Each structure stands twice: as structure tokens, then as C-alpha cells.
Amino acid sequence: MADGLLSCSIAIVAMVAALLRVAVPSFQGQAPHPDGDRYLCQLGWDAVVPTNRSAPRYWDFALFEWSHNGLAPTYPCTPYPSSEVWLLKALQWFSSTVSSKPGTLDFHWLVLTNAVLVGVLVGLFAYAATGMALWARVLLSAVIFGVLSDPIFASYAAGPMGEYVGLVGIALLAVGVVFYSSNGRRMLGTILVGIGGLLMITSKVQAITLLIPLAAFLLVVPLERRGKAAPVKPEDRVWSRAIRFVGRRLVGAVLVAVFAVGGGWMLANNPKEFQQINPWELISVGVLGHSSTPAQDVKEMGFPESMAKYAGKTAGDENSIMFTPEWKQYASLMNYGTVATFLLHHPDRVWPLIDTGASDFFAARPSYLGAFEPGRGEAQANSLSLLALAGSGVTGFFSFAFAGVIAFGGAILGVRRSQRGTPSRGFANAALLMASFTVVQFGTAIFGEAIENSKHLVFAVLASALVIPFVVSSFALRADDNALPPERPVPEHPQPERPEVEDPEESQVRPLHAADLP
């Protein structure tokens with residue numbers, strides 16, 4: 001009871017602190033990005049525009065209030081498949097109901113809801129850390145609060161971006177894995193992992209690659225049971241263990257199947273335009289942008305040398321290649337196979353890609369997009385970010401690799417020192433999964449598109465920021481606390497039970513005396 005009360009208290013404090021952080025002295029959020037239109041256009045036939053028409057539409061200021069204008073969109077809708085659309089529809093219904101203005105979207109409500117969610121997640125973290133010293137429990141809860149409420153992540157709640165539901169999904173997964181791996185907490189863990197995994201996988205197409213480490217975890221790590229194991233007979237030991245191995249991972253296999261269906265839906269509905277745009281931008285920006293001989297490179301890839309003029313330019317830049325005959329003429333070469341073949345012949349070209357990506361990884365900052373409403377601050381002004389301060393001055397792939405070795409090393413040591421079914425093992429499992437997420441998303445962002453790394457690496461940045469506090473939590477708990485009891489095999493030659501012999505004195509019938517009568 002005391003542990004639950006403490007966890008609730010920590011959750012309430014974190015909730016209030018998160019609300020103050022995003023709303024005082026004024027609301028903070030992320031400025032709109034052109035990708036947001038691909039989610040908004042799925043809310044109806046007409047255009048959804050900011051209420052403040054005089055403010056810049058993109059990049060500079062956070063625009064919280066939007067509404068349908070009753071006019072057809074200027075550009076045709078190219079919809080992104082994402083669970084973000086479900087969230088936007090819910091927000092539109094709620095905003096319209098509260099304001100009595102149909103077709104309204106007020107992201108102030110989502111920012112406030114996110115602050116409440118941060119408090120809940122911090123409270124769940126504190127509850128999972130039951131058994132830890134009080135000071136360590138409070139301190140680590142404060143660290144988790146600092147990560148989840150950091151404007152690098154929390155600002156996404158202020159706009160229509162698919163990254164937001166993905167970030168929520170990763171946070172739910174991180175906490176959920178601790179419960180999923182701990183004895184007696186499997187139901188809560190299954191719910192958190194199920195919701196978090198589905199939100200993450202269906203947030204953006206780039207998040208589908210995270211299914212690889214998540215599936216590996218769910219198929220390897222068993223869902224912990226409650227109570228003691230049943231005895232195992234020697235003649236049934238192999239079959240019993242095989243059945244138990246499969247049975248304890250059945251829930252994980254079902255979750256993987258559900259996530260795979262969600263990922264398949266994402267791929268099936270991914271706009272065909274971007275199946276060409278993304279590889280081309282990896283070529284034009286990622287490869288040619290760092291090349292001293294772009295004309296020679298495009299010729300080797302099969303393009304005419306004249307296309308070297310697009311080196312370093314995205315598909316959305318002025319005088320884009322998308323509006324030239326070459327876009328259709330050489331579409332068959334604009335794929336990841338072309339890039340892979342070129343990099344295999346020129347492995348030295350991989351280094352600029354990963355080194356630039358690693359530098360962008362440490363340069364994550366809220367000012368990538370605006371943080372304040374018009375009139376509340378300068379365009380693209382910075383809000384306080386402790387993570388941005390921690391990453392300032394750190395650059396290059398060697399720094400990224402060094403941090404990765406520490407993260408994976410700490411997580412693996414945490415797994416090895418702890419016993420299965422303990423919260424200590426749960427925190428170590430979560431740290432190992434988050435470290436895997438970091439590496440997979442780093443590779444996905446760098447070799448998937450190689451542009452806008454500040455946005456595309458945000459999943460990796462959040463996962464990496466959660467690794468160290470989870471590793472520390474694992475070591476701060478006893479390695480055998482709440483451990484599962486080992487299976488109890490039945491002896492090969494069980495001793496026959498000896499029949500109980502009654503005491504002859506007790507078995508004799510005592511004669512009835514007059515004193516016994518009523």
C-alpha cells in the first residue's frame with residue numbers, strides 16, 4: 001500500500017510539473033511541418049488551416065488552433081498511413097464538442113493530455129521500481145520525467161505529426177517491458193507492450209524496422225507467470241519444457257502477429273510517390289551531397305552526368321527534379337538497390353553518411369521547429385532542453401559508437417547479474433530493447449532518406465535517452481528480488497509413502513463415565 005501511495009504521489013507531482021513546463025508562462029510546442037498536411041487532409045474533403053492566417057504556415061511558430069475552411073485543398077491529398085490520423089480525429093471531435101465549433105482542432109488539449117500521460121508513465125516507472133531505496137526511486141523517477149517532458153519530444157504533441165504517436169509508443173513500451181518481464185505483473189505489462197507497440201509500428205513507415213528487435217524480444221523473453229512451477233516428471237521433462245517454452249511465448253507471438261499486420265497495412269498504403277522520393281534523396285543528398293565527383297558517381301549509377309546538378313538537393317527544393325523528364329525516365333534506377341550496389345563498390349562513401357548522422361543525433365534540439373506561438377517569442381526560438389545541453393559539443397560517429405558500447409554493455413551486464421522474473425531483469429531487458437531501437441532507427445534514418453535527420457532520428461534519441469536510467473534502475477534493485485522459483489523435478493526413484501500408523505491409545509474407545517453425561 002505504501003509503495004502504491006508513493007507511486008501515485010510521484011505521478012501527481014510529475015503531472016503537475018509537466019503541465020507547468022509546457023504551459024507556463026505560455027504554451028510551447030512545435031511549428032507545423034509540411035508533412036503535417038498529409039495527416040490533416042484525411043480529416044475531411046476541405047482544407048484544414050491555422051486559425052491565425054497571418055502567421056507563417058511552416059517552420060517558425062507553434063500554431064495550436066486549426067479549423068476546416070470549407071474550401072478544397074490547394075494541392076491534392078497524398079495521405080500518410082498512420083495512427084496519428086486516429087488521434088487527430090479524436091482531437092477534432094473533442095475540440096469541436098468543447099468549443100461548440102464543428103471542424104475545430106485545438107492542440108492545446110493534446111499538449112495538456114500529453115503532460116498528464118507523462119505523469120502516468122513516471123508513476124508507472126516508480127511503481128515498477130518498488131524495492132529500490134527511496135532516494136534512488138525518487139531520483140530516477142525525476143530523471144525519467146526530465147526525459148519524457150523534454151521539449152525535444154513533448155513539443156510534437158502540439159502539431160499533426162506522426163512522430164508523436166511513435167514517441168508515445170516507445171515510452172509505453174519501455175515501461176511495459178519492465179512489467180512484462182517481472183513476476184506477477186504480466187497483465188499490465190502485456191497491455192502496455194500491446195498498446196505501445198501498435199502505436200509505434202503504425203506511427204510512420206520508418207518505424208516498421210523497429211518490429212525486428214521488438215519481435216526478437218517477444219519471441220525470446222517469456223511472459224512471466226505467477227506462482228510456483230508445477231513438478232516435472234523425468235520422463236516428461238523434454239516435452240514439458242518444450243510445451244512451456246512455447247506456451248510462455250505464445251502471448252508474445254500473438255503480439256508480434258498483430259504488429260506485423262499493422263506494419264503490413266502501413267507498407268500497403270505508403271504513397272507510391274515516396275517509394276521513389278526517399279531513395280532518390282538518399283542518392284542526391286546522402287551520396288552526391290558528400291561527393292567531390294558527383295558527375296562520375298551518377299554516371300556509374302546509370303544516370304546521365306547532367307543529373308549531377310541535383311547533388312545536395314532534396315526532391316522538395318526549388319527547381320526540383322520531380323518536375324523534369326528525368327524523374328519518369330530514370331525512375332527505375334531511383335531505388336535502394338542502386339544505392340546499395342554503389343556503396344558496396346565504394347565502402348568509403350558510407351563514412352560521411354554515418355558520421356553526419358551521428359553528429360545530427362547529438363544535435364537534437366527543440367529549435368529545429370518553432371517553439372512558441374506568434375507574439376510569444378522569436379521564430380524558431382529555443383525552449384529549455386536538458387538533453388540538448390547534454391548533447392552540445394558532442395559530434396561524430398566515434399562518440400555515437402562509444403555511447404553505444406556503454407549502453408549495450410550496461411544492459412547486458414544488468415541481464416546477466418539479475419534473475420529471471422525480477423524487476424531488476426525487467427529494467428535490464430527494457431534498456432537492452434531501447435538500445436536496439438536506437439541502433440535500428442539510426443540505420444533506418446541514415447540509409448532510408450539521409451535528410452532532416454533532426455526529425456527522422458527523434459525515435460532513436462528518445463530510446464537512447466531512456467537506456468541509462470533503466471540500466472541504473474536495474475543495478476539499484478536486488479538481483480534476486482521477487483525472483484521466480486526454479487522448476488521442481490520429480491525424483492527419478494520416488495520413495496513410497498509410508499502409511500500413517502494410528503496411536504493405539506488414541507484409537508481405543510474410552511468408556512463412558514457418569515461425569516460425561518449432561
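**Figure 1. Overview of the predicted model.** Of the 518 residues in the protein, 50% are buried, a term that stands for under 20% relative accessible area with a 1.4 Å probe and protein chains only. The structure is a predicted model in which local features need pLDDT of at least 70 and side-chain atom pairs count only at pLDDT 80 or more, whereas totals for chains, interfaces and linings use all residues. Residues are numbered from 1 along each chain as its sequence is written, and side-chain values use heavy atoms, with hydrogens and water left out. The protein has 22 helices and three strands, taken as DSSP runs (H or I, at least four residues, for helices; E, at least two, for strands) and numbered from the N terminus. Among contacts (heavy atoms within 4.5 Å) between residues at least 6 apart in sequence, 78% join residues at least 24 apart.

**Figure 2. Packing of α5 against α21.** The axes of these two helices, α5 and α21, come within 10 Å and cross at roughly 175°, where axes are lines fitted to C-alpha atoms over the stretch in contact and angles run from 0 to 180 degrees between N-to-C directions. The pair α5 and α21 is therefore roughly antiparallel, the word used for angles over 145 degrees. On the α5 side the contact is made by Leu140, Val143, Ile144, Val147 and Leu148, and on the α21 side by Leu462, Ala465, Leu466, Pro469, Phe470, Val472 and Ser473.

**Figure 3. The second largest pocket.** This pocket has a volume of about 630 Å³; on a 1 Å grid over the protein atoms alone, a pocket is an open set of points with protein on both sides within 12 Å along at least five of seven lines, a cavity is a set where a 1.4 Å probe fits but cannot get out, and lining residues have an atom within 4 Å of a point. Of the 26 residues lining the second largest pocket, Phe361, Phe362, Ala403, Ser464 and Ala465 are the closest to its centre. The elements giving two or more residues to this lining include α5 (134-148), α16 (350-362) and α21 (458-476), while α18 provides the largest share, seven residues.

**Figure 4. The largest cavity.** The whole structure contains four cavities of 30 Å³ or more, and the largest cavity has a volume of about 130 Å³, a volume being the space filled by probe spheres set on the grid points, which are joined across faces, edges and corners. Residues lining the largest cavity include Asn114, Leu148, Tyr164 and Leu462. At least two residues of that lining come from each of α4 (107-128), α6 (151-154) and α7 (163-180).

Definitions and conventions. Parallel < 35°, antiparallel > 145°, perpendicular 65-115°, else oblique.
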